[in-house]
Each structure stands twice: as C-alpha cells, then as structure tokens.
Amino acid sequence: MHDGDHPITQSIILVFVLDELVKQNPFKIFHPMNKFSLTFQMAPLFHYLFLFLVSSCAAQTSFRPKALLLPVTKDPSTLQYVTRINQRSPLVPVPLTLDLGGQFMWANCYTDFVSSTYRPARCKSAQCSLAKSTACSVECPGAPKPGCNNNTCALMPDNTVTRVATIGDLGSDLVSIQSTDGKNPGQVVLVPKFLFVCGSALDGLARGVVGMAGLGRSPISIPSQFSSAFSFGRIFAICLTSSSNSPGVVFFGDGPYRFLLNTDASSNLIYTPLIKNPVSTASAYTQGDASSEYFIGVKSIRINDKIVLVNKTLLTINREGYGGTKISTVNAYTVLQTSIYKAIITAFGNALSGVPRVASVAPFGLCFNSTSLASTRVGPGVPQIDLVLQNNDVFWRIFGANSMVQVSEDVLCLGFVDGGVNPMTSIVIGGHQIEDNLLQFDLARSRLGFSSSLLFRQTTCANFNFTSNA
C-alpha cells in the first residue's frame, strides 16, 4: 500500500500545531489573525514530484536570461541591506531586507496588498510539498484575501533581525526582474507564479520595508526559484556596498560580474566548501529541519600571520547544531563566541600596541585614536585578520576597511562584537566584514567563492553600471 492511499491527517488548533511542530530557541511566535481560532491540518506524508511545480512556475517568456540582478542599498539607520522586488498585478516595488540565510521571500499581505494574480497554495498541492509545509489552514474567518484563505498550506516566516516568527499562508504572485549580461541590466523578465509567504513581524526592519528576501538553502528561496524558472545554474553572488548613497548588487546565475574599469569580480576567486548544518538555526522550525544558512569551515584565525589561540571545538558544528562559522547579512558586524572574541581583542590590541587606545564605544570593545593610523588602499593601516579555511594556504583575509568601524571623527573601533558564552553559532561573519567583497554561492558544487576586498582591484560593489542596454 502506498503512503498516498492513507495519508495521516489530524485537525488541530493552531497552538497545538506549534507545540507539536516547532522546536523553540529563544524567540516569540504569533499569528496576525491570532484573535481568531484557526484550525490547521497536518499535511500528508507523501510528496509530489518537484518537476510538477517547476513546470507551473516557469517564466512565460521566449527570452531565456543567463543571469538576473537586484540592486541592494544600505539603510543608514539600521545598517540593513534592502532590495526591491517588483511583484503583483499591477506591479509594485516591494522593499525587503536582504537575508542571506533566509528560507524564502516573505512579505506583509495584510495591509495594502492588491493583486489580481495572487493565488493561495492549496493544501496537498505540489507547491506545498516543494515548500515542505507541514501545516494546513483549513478555515480562516472572513472573506478570502491574501493571507487568509481556506485550505491553504502555511509556513513560518522568520524575522531574523528580531528573531520573531509568525505563521503565514504560502501563495504565489507575478514577479518581474531585470536580466543581465554581467555588465549591464538587460530586458525585464517575468515569473508568473513566484512563491512567497505572508508575514507580519515587521518590527526591527528598516523603515518602509515590508518583509525579507531569503536567499538561503531552500527549494523556495529566491535563488532556487529563479534558477528553476529560467533553467540556469544554481549559482548566485552578492556584492554589498559600504555606501548608503550607491547600491550594491545581487546576481542570480553565473558570472562574469563586471564592475567599473571592466573588472570581472568573479575572476580569481578563492573557493572553500559550503558546509551544511544538520540542525535548523531559524527562530522556529520543524524537528529534523537542516539549517538554510551558509556555513564555512574556519579552522583557525591569524592576526598579522600569528595564530590566535582559541578553543577549536567551537569551530566545528556539533550534533546539536552548535558551533561553526556562518555568513550573515542581517548581523551588521561579526559576532563571536565570548572566548574567541576575547582572544581576538587581545591579539589585535597587542599587534597595535603602539597606537593609543581610547574608551570603547558600544557595541565594540576595542577602539583607537584614528589620527595615529595610516590610510591605505584597503582602509586603515591595521593588522590583517585571516580566517584560515581548509588548509593554511586558503584563507579569507580581512583588511582595515572591513575590520575597522569609524564611530566618530577621531575614533576607530574593531568591528567585532561579543556574542555571549553559548551562542548557537560561534562565528557569525556580519555585513560590515563582507562589504566590497564579492561572494559567489555555487550550490551545485556546494562551494563559496570569495574575492577578498575589491578595493585592491580599484573598484567597489557600488561600481556596477545599472544603466540598461535593453
């Protein structure tokens, strides 16, 4: 007998769905309709074929782009990286905070959402199976509308800035995006049934933002859907700007990625394996889920070519999912487990012992008088920090532009913060440390390619030419 002959179903009230399905880290969880009693149903255990969904969401266009792009700006108030995705009918720009490890795109459907092409994902559909939804909203009070439909599968959109998760409907709508030849934007292409989730936890996000753009390891993340829709490789790249005045860029698809002076930032990349964390690092998740975030294998840390002594067990991921190193666009600065933080602060301070220190400025713990530091092409003249990867000859070098933060006219601080004694991830490489670096995520080969600072090549992530040739 096949699983589909007797699917296991069970109608349960929302609170019991959460109690049964969600393993909780420190977080809050709620539903925008929580003043009502919502009934959910467990999804059947069988799965529909992946290709069934891909064929239904394939972009309806004769032009097949080799790559796509999204501009990304830096919000000066929150230091979040914000992009805009054109969605709905009629099309409107939807501002979203970029979340490198996010599972999918989520947006507020409950306010000012008008679209003639929105469609809820029905329970037991191929869309729900692909999204790995295990909950079904059987009955929603009131007239059907985006975010409140009967017989619709549900997921848990996660505000990874505040670590607040909600319950929201899975649905699809029209999305448009510009293609690129790697040098300029090309013609606009459409994806008619782009999957996203309705969410409402907007606190802590940049002003005007209505959700998050998830680029993580997930079948319905933004890179996965674009790759499926246009049949190009499962590759994307981010190049975050350090400026709040000029945009950086996200590329979907392979290079070249050409910046000012015709510099192909995808040439001469250094590669390291991407590592899967078998335990989810999301605020709320179903037991057994793996993390959708991107981890790399940092083996040791050097400052000015000298090894920093740290507890190496913290650098590997244990069976409970703790430890290791991940890359984040929602953390403004690199966050370190306390003992690693103290070791780096001590070693960096010793290497700069000739430079006057000043009182620390929160959230940083080591600050200097910047008038005593020279300026170089790659930022303040401070000791270089190497994250040593699979062997001693493969390392991610962090120069002054990415290690130091100008907090006032005369004060520079080391841009690393203390993450506590027992964080889930020991090293979280934050946004400041990856600005003006090109990072290419090759999911087919499970590897990260990184450029180190583009300042060495006399260009920046703000130097992509957004003037269209189309």
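Helices (DSSP runs of H or I, at least four residues) and strands (runs of E, at least two) are numbered here from the N terminus. The model is predicted, so local features need pLDDT of at least 70 and side-chain atom pairs count only at pLDDT 80 or more, while totals for chains, interfaces and linings use all residues. Residues are numbered from 1 along each chain as its sequence is written, and side-chain values use heavy atoms, with hydrogens and water left out.

The protein chain has seven helices and 39 strands. Of its 470 residues, 57% count as buried, a word that stands for under 20% relative accessible area, with a 1.4 Å probe and protein chains only.

Q337 sits in the loop that links β27 (334-336) to α5 (338-351), and this residue is buried, with a relative accessible area of 7%. Its side chain joins that of S339 in a polar contact of 2.5 Å, that is, a pair of N or O atoms within 3.5 Å, one able to donate a hydrogen and the other to accept it. Leaving aside residues up to four places away in sequence, Q337 touches L314, G420, V421, P423 and S426, where contact means heavy atoms within 4.5 Å.

The helix α5 lies across four strands, β28, β29, β34 and β35, which form an open antiparallel sheet in the order β28-β29-β35-β34; strands pair if DSSP finds at least two bridges between them.

| Strand | Residues |
|---|---|
| β28 | 357-358 |
| β29 | 367-369 |
| β34 | 404-408 |
| β35 | 411-414 |

The edge strands, each pairing on one side only, are β28 and β34. Four bridges join β34 to β35 in the antiparallel sense, and S408 has V411 of β35 as its bridge partner.

Terms used:
Buried means under 20% relative accessible area, exposed over 50%, partly exposed in between (1.4 Å probe, protein chains only). Axes are lines fitted to C-alpha atoms, for helices over the stretch in contact, and angles run from 0 to 180 degrees between N-to-C directions.
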